[in-house]
Amino acid sequence: MLAVALAASLTAGCTGGEGPADDGRGRDREPGATESTEPPESGPGKGSVLAVKIDNVRRARPHTGLNAADVVYVEQVEGGLSRLMAVYATRLPKAVGPVRSARETDLELLGQFDRPTLAFSGAQRKLLPLIEQAPVRAEPPGLTPGAYFRGTGRPAPHNLYLRPGALLPEPAGPAALTTGFRYGAAPSGGTETASRTVTYPAARFTFTWSERWGRWLVSMDGTAATTTDAGPVAPATVVVQYVNLRKSDYYDSLGNNTPFTETVGSGRAEVLRDGKVHEVRWKRGSASEGTHFTTNDGAPVNFAKGQVWVVFAKA
């Protein structure tokens, strides 16, 4: 059943940022006004995380359910555009989206979790064998009844939403976040900074420190990022992780290559927290491990409590 659903979804997929629909079908119903549940009181993990691939072109915004994510990864895709992958462990929103297609990069990144559930709308046909072989629970449209639905406020392919509760009965719990991240007191030093901008060939992210919020307010392509259900997007910690980008075996219908983001290895990074930027190092020994961040003298770097954004930038 999984192979049939994957084949139907993946062969319908496309990798063009503005291309034809690459996702499934569902009831036409807009996301509700209240989208998230309270985090569980207990600490132990009860299962695996939910990872959702999220559309990030202008017509896909504002997003739904993004603020409930524990970690948001930002990756470059073909045409210099960006996609998000939101990871949920401590809260499950009522709806997430718009959902879009998977990439090869996602599989290496998700190797750090114990059989995560990957929700995505489609992918290239050639990527199907890799997804089938990966240690993930693949959940494209058509596999679990009622998991996906179409919103009515925007055109396809920017109107596909996920009901996380249809895939997972409850949040996995914080122990499922095997990212290698540490939380606690800020490292010493750092440089006060009002904002930090990261640019891709066709996308731009700016993180501006807000004393009022005690968070980093996000803007995308020059517009303040907000959500349909929980207000402004404002992570507590932002990581700009410098990585190698190489060509993959995948191209979109216009002939644009999908870059592969190498998240295994080591390099430099910038950690933004509490209004400061800290120059650090990152290291990930294998795809089954999380990523560890240290100061230049080898001391572990703590993140602020709350949502973490990891933006992959070209080294």
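Modeller: Accessible areas here come from the Shrake-Rupley method with a 1.4 Å probe, and for residues only the protein chains shown count as cover. By that method the chain exposes about 13000 Å², with carbon and sulfur atoms supplying 51% of it. The model is predicted, so local features need pLDDT of at least 70 and side-chain atom pairs 80 or more, while totals for chains, interfaces and linings use all residues. Residues are numbered from 1 along each chain as its sequence is written, and side-chain values use heavy atoms, leaving out hydrogens and water.

Colleague: Fine. How many helices and strands are in the chain?

Modeller: There are 3 helices and 23 strands. Both are DSSP runs numbered from the N terminus: helices are H or I with at least four residues, strands are E with at least two.

Colleague: What makes T117 buried?

Modeller: Buried means under 20% relative accessible area (exposed is over 50%, partly exposed is in between, 1.4 Å probe, protein chains only). T117 has 2%, so T117 is buried. Buried residues make up 57% of the 315 in the chain.

Colleague: And what does T117 touch?

Modeller: T117 sits in strand β5, residues 117-119. Leaving aside residues up to four places away in sequence, T117 touches S48, V49, L50, A51, R137, E139, L167 and L168. A contact means heavy atoms within 4.5 Å. Across the chain, 68% of the contacts with a separation of 6 or more are between residues 24 or more positions apart.

Colleague: How do you know that β19 and β20 pair?

Modeller: Two strands pair if DSSP finds at least two bridges between them. β19 and β20 (residues 276-284) have 9, in the antiparallel sense, and R273 has K276 in β20 as its bridge partner. Their hairpin has 2 residues between the strands, and D274 takes a positive phi near 55° there. β19 (residues 265-273) is also joined to β17 (residues 237-251), antiparallel, by 5 bridges; Q241 stands opposite A269 in β19.

Colleague: Why is the pair Y73 and F312 called stacked?

Modeller: Rings of Phe, Tyr and Trp (its six-membered ring) pair if their centres lie within 6.5 Å; planes under 30 degrees apart count as stacked, over 60 as edge-to-face and the rest as tilted. There are 9 aromatic pairs in the structure. Y73 and F312 have centres 5.9 Å apart and planes at 5°, so the pair is stacked. This pair links distant parts of the chain, β3 and β23, 239 residues apart. Y73 and F312 are both buried.

Colleague: What makes F181 and F303 tilted instead?

Modeller: Their centres are 5.1 Å apart and their planes at 55°, so that pair is tilted. F181 is in the loop between β8 and β9 and F303 in β22, 122 residues apart. F181 is buried at 12%, and F303 is buried at 1%. F181, Y183, F293 and F303 form one aromatic cluster.

Colleague: How do you know that R268 lies over the face of Y242?

Modeller: A charge sits over a ring if NZ of Lys or CZ of Arg is within 6 Å of the ring centre and within 35 degrees of the ring normal. R268 is at 3.9 Å from the ring centre of Y242 and lies over its face.
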